[in-house]
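Student: Can we go through this structure together? I'd like to start with the rings and then move on to the strands.
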Amino acid sequence: MVSRLTSRFTARQAAGYLFVRSMPRQAPISIDGQRGSELTDRRLIAPVGEHDIVIRTSQTCRQRVTVTAFRTEVVECVQ
């Protein structure tokens with residue numbers, strides 16, 4: 001999934017970060033509808049812009065975040 005995210009921007013395009021965490025930990029993460037092998041708690045590089053984040057624990061948490069250049073946006077799912 002990270003390679004799919006990073007393939008969407010070039011070296012000249014700004015990127016930011018997502019820190020995705022949940023309780024319980026080790027929950028699957030989907031970004032923009034794409035499921036990868038990443039699990040929470042994890043910091044990911046993402047292109048600047050809007051992203052839909054889904055964390056699947058015993059419940060499904062959905063959050064839309066705006067990634068800003070060189071900043072870390074926190075996405076949290078606590079049950």
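This is a predicted model: local features need pLDDT of at least 70, side-chain atom pairs count only at pLDDT 80 or more; totals for chains, interfaces and linings use all residues.

Student: OK. What sits over the ring of Tyr17, then?

Tutor: The charged end of Arg43 does. Its distance from the centre of that ring is 3.9 Å.

Student: Switching to strands. What is the order of the three strands in the open sheet?

Tutor: The order is S4-S1-S7, and the pairing is mixed. S4 (42-47) and S7 (72-78) are the edge strands. Each of those pairs on one side only.

Student: How are neighbouring strands turned against each other?

Tutor: By 25° on average, with direction ignored.

Student: What holds strands of a sheet together in pairs?

Tutor: Backbone hydrogen bonds, and the pairing can be parallel or antiparallel.

Student: And S1 with S4: parallel or antiparallel?

Tutor: Antiparallel. Strand S1 covers residues 15-23, and six bridges join it to S4.

Student: Which residue in S4 stands opposite Val20?

Tutor: Arg42.

Student: New topic. Where is the place of Gln34?

Tutor: In strand S3, which spans residues 34-39.

Student: Why does Gln34 count as partly exposed?

Tutor: Because its relative accessibility is 30%. Partly exposed lies between buried, under 20%, and exposed, over 50%.

Student: What separation do the C-alpha atoms of Gln34 and Asp52 have?

Tutor: They are separated by 9.7 Å. Along the chain, Gln34 and Asp52 are 18 residues apart.

How values were computed. Residues are numbered from 1 along each chain as its sequence is written. Side-chain values use heavy atoms; hydrogens and water are left out. A charge sits over a ring if NZ of Lys or CZ of Arg is within 6 Å of the ring centre and within 35 degrees of the ring normal. Two strands pair if DSSP finds at least two bridges between them. Helices (H or I, at least four residues) and strands (E, at least two) are DSSP runs, numbered from the N terminus. Axes are lines fitted to C-alpha atoms, for helices over the stretch in contact, and angles run from 0 to 180 degrees between N-to-C directions. Buried means under 20% relative accessible area, exposed over 50%, partly exposed in between (1.4 Å probe, protein chains only).
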